[in-house]
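Please look over the sequence and the model shown here. The report that follows takes up one residue and its surroundings before turning to the overall fold.

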Amino acid sequence: MALSTRRTFWLALCWLGATQSLSWGIAVVRVGVWPGNVAALAGFLLLTIVVLLGVVRPQWAGGPDESTAVWWAAVVAAVVGTIALFV
């Protein structure tokens, strides 16, 4: 499993989904079950599960072949999501 550009793209989105799922999970535990909290948690969990296909089989899921603007946007979103989790 070499870290190709495609796999890195999907891995960044998977990391973003995982960190945001954790963040919304903490929100549900702290604040309680509200429709918005549960919907956000379910959405990010679904994103994480779907994106795992791209991590495991990037040739099936597609993705950028080079470090394009979309690739950088995914990487930056993962970094910002991680920072938001810690703040």
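## Contacts and core of a predicted model

Once its neighbours within four places in sequence are set aside, C14 is in contact with T48, V51, L52 and V55, where contact means heavy atoms within 4.5 Å. The model is predicted, so that local features need pLDDT of at least 70 and side-chain atom pairs count only at pLDDT 80 or more, while totals for chains, interfaces and linings use all residues. Residues are numbered from 1 along each chain as its sequence is written, and side-chain values use heavy atoms, with hydrogens and water left out.

C14 also belongs to the largest nonpolar core, whose eleven residues are F9, W10, A12, L13, C14, L16, V51, V55, W71, A74 and A78. Such a core is a set of buried Ala, Val, Leu, Ile, Met, Phe, Trp, Tyr and Cys residues joined through side-chain atoms within 4.5 Å, buried being under 20% relative accessible area with a 1.4 Å probe and protein chains only.

Of the 87 residues, 34% are buried, and the C-alpha atoms fill a box of roughly 40 × 25 × 20 Å along the principal axes.

How values were computed. Buried means under 20% relative accessible area, exposed over 50%, partly exposed in between (1.4 Å probe, protein chains only).
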